[in-house]
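Thanks for coming. I have one structure to go through today, so please have a look at it before I start.

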Amino acid sequence: FQILSSLHHPCIVQFLGICYDGKNKFCIVSELMTEGSLYDFLRKKWSLIENNWHLRWKIAKSIAQGMNY
């Protein structure tokens, strides 16, 4: 968990830790995403970016940068 906690990049959500409820259920604790997750954005606001190739390129580039890091 130390490795995940030490990652700092603007395109990656900060990992803070995990919780265990004692019944074989784990929960990942991360920083608050005030704008929601990328998944939520793409599902709820797809109509805003569907024809906006500049914004789609910017999102794809940010995802690639986070994955590359």
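This is a predicted model: local features need pLDDT of at least 70, side-chain atom pairs count only at pLDDT 80 or more; totals for chains, interfaces and linings use all residues.

**Surface patch and cysteine pair**

Ile-63 has a relative accessibility of 35%, so it counts as partly exposed. Ile-63 sits in helix 4.

What does Ile-63 form together with Leu-38, Leu-42, Trp-46 and Met-67? These residues make up a nonpolar patch on the surface, and their accessible area together is about 450 Å². Two elements give two or more residues to that patch: helix 2, residues 38–44, and helix 4, residues 53–68.

Now to the strands. Strand 1 covers residues 15–20 and strand 2 covers residues 26–30; they pair in the antiparallel sense, over 5 bridges. The hairpin they form has 5 residues between the strands, and in this hairpin Gly-22 takes a positive phi near 85°.

Across the pairing, Cys-19 stands opposite Cys-27 of strand 2. How many disulfides does the count come to? It comes to 0 disulfides, with a cut-off of 2.5 Å between cysteine sulfur atoms. Cys-19 is in no disulfide, and the nearest cysteine sulfur, that of Cys-27, is 5.7 Å away.

How values were computed
Residues are numbered from 1 along each chain as its sequence is written. Side-chain values use heavy atoms; hydrogens and water are left out. Two strands pair if DSSP finds at least two bridges between them. Helices (H or I, at least four residues) and strands (E, at least two) are DSSP runs, numbered from the N terminus. Patches are made of residues with over 30% relative accessible area and no salt bridge: like charges are joined within 9 Å, nonpolar side chains (Val, Leu, Ile, Met, Phe, Trp, Tyr) within 5 Å. Accessible areas come from the Shrake-Rupley method with a 1.4 Å probe; for residues, only the protein chains shown count as cover. A salt bridge is a side-chain nitrogen of Lys or Arg within 4 Å of a carboxyl oxygen of Asp or Glu. Buried means under 20% relative accessible area, exposed over 50%, partly exposed in between (1.4 Å probe, protein chains only).
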